[in-house]
Amino acid sequence: MNKEIVFIIIALILGIVSLILALIAIHNKKLSVAILAAGVVSLFASVLYLLMAAPDVAMTEAAIGSGLSTLIFFYVLNKIKKSNA
Amino acid sequence: MLKNTLIALVIAVLAYMFYNVYNTYETRTSLSGVAEYYATNAAKEVGAANIVTSIVVTYRGFDTLGEVTILFLTASIISFFLKLKEEDENKSIKHGITSELLITASQVLVPIIFLFGIYVFINGHLTPGGGFQGGAIIATGVALMIMANPNIRINNHVIHWVESISGVAFVIVGLFGIVLAGGFLDNRISGLGEFGTLFSAGAIPIIYSFIGLKVGAEISNILNKYQKSQKEL
Amino acid sequence: MEQLDLGHISLAIGFLLILIGFWGLLTQKNIIKIIVAFTILDTGINILIVSLGYIVGKTAPIVDNSVEQLENHNVVNSIVDPVPQALVLTAIVIGFGVTALMLAYAMKLFNAKKTLEINKFNDLKW
């Protein structure tokens, strides 16, 4: 199969799923679900960068955007949960 | 009610603007003028195989210097905000039993992760990756260390010294460019070396290593501050 | 059908993520949710900038080791635009710094009022 067509199909799937996840992140009442959904949007964005021939950006996004940002969100969430309990 | 209408109006106007941009956008078939210059001359002038690296470190070196400064500033402000009281500083965190698997795995994996981060920023001029990615990978190793043992004491002095020394060294290597080559942050301070080998592209591997150490130290510092902030309640 | 290429798809994804993020930024009441919306907006803008530099069928901006490619100046015809990638590279790192800073503020605000509902922070209102 043609490489371009495969790329387009993967990009369409990634795009639709990440848009749904972004809506979940905005709408869901549970903060932990929202944070995880935003992290997955970031991870899918990094795959999209790889398809768009930007490996440098993909590495940065995977390490920083979806890894470390999510970790810091959970630190804050943990603190708030402990305080509320 | 008025507020919701206004929000809907703003979003609608923005969506209309985006729709027009999308409709008139044509997929590009050639590079823009600046990019064409970089693509033609980067390998000859700078000697780095990765054109993104030669833009980030050499052609737009000032941007990178400013960006590292911004990151330093955010790390300092976070340290200021999350500063603990004296009595909280010495408390230990009560946590559940960390899994044996995580502890053993962290002992094996952390040195390998550090090594991989160093590999990524030393090879920044040849392969995808560079200082920012390598620094982030090193910070991920620090995060794994903290996960395995939440009461670990990461030496603040080491982090601060690594950060300060690599920041100063970045500027000093840039100043060498004024003396030995065309201007500030010029990488041709020595011969460019053979294209495509590790010791090539002049000062780029040196500068990117310092950027990597600095970014890694700064992000580790931020993570450490957030971990310590869990102590106060 | 001629509009269905990778550049257009990513452009559309970027625009839609920006709209979703901006909408969340304006409508949400919880400070953590506002910061989550901000990160989605950030991701959308980055996808948008990278997709503006994409050229169909070209490879990543890394010059091959082969010397022929260098001497014939074929590099120009075989890579995507490297400038937006260099910009986005720095933008992601700064975005992380800004997110961490906002979360530190959020923690301080929570310590002050023991709540994260933005409507409760009305000290400057009269």
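1. B:Thr53 sits in helix H3 of chain B. Helices here are DSSP runs of H or I, at least four residues long, numbered from the N terminus. The model is predicted: local features need pLDDT of at least 70, side-chain atom pairs count only at pLDDT 80 or more, and totals for chains, interfaces and linings use all residues. Side-chain values use heavy atoms, without hydrogens and water.

2. B:Thr53 counts as buried because its relative accessibility is 1%; the cut-off is under 20% relative accessible area, with a 1.4 Å probe and protein chains only. Leaving out residues up to four places away in sequence, B:Thr53 touches B:Thr58, B:Gly124, B:His125, B:Gly129, B:Ile204 and B:Tyr208. Contact means heavy atoms within 4.5 Å.

3. Eight of the nine residues of H3(B), residues 51-59, are buried, so this helix is largely enclosed by the rest of the structure. Among them are B:Ile51, B:Val52 and B:Ser54. At the helix start, a side-chain oxygen of B:Asn50 comes to within 3.2 Å of the backbone nitrogen of B:Val52.

4. The largest cavity has a volume of about 190 Å³. On a 1 Å grid over the protein atoms alone, a cavity is a set of points where a 1.4 Å probe fits but cannot get out; lining residues have an atom within 4 Å of a point. The volume is the space filled by probe spheres set on the points, which are joined across faces, edges and corners.

5. The lining of the largest cavity has 18 residues; A:Ser42, A:Gly65, A:Ser69, C:Thr39 and C:Thr43 lie nearest the centre. H3(A) gives the largest share, six residues.

Terms used. Residues numbered from 1 in each chain as written. Chains lettered and ligands numbered in written order. 1 Å grid on protein atoms, 1.4 Å probe; cavity = no way out; pocket = protein on both sides within 12 Å on 5 of 7 lines; lining within 4 Å. Helix = DSSP H or I, 4+ residues; strand = E, 2+ residues; numbered from the N terminus. Buried < 20%, exposed > 50% of the residue type's maximum accessible area, 1.4 Å probe, protein only. Polar contact = N/O pair within 3.5 Å; in protein donor to acceptor, adjacent residues only side chain to side chain.
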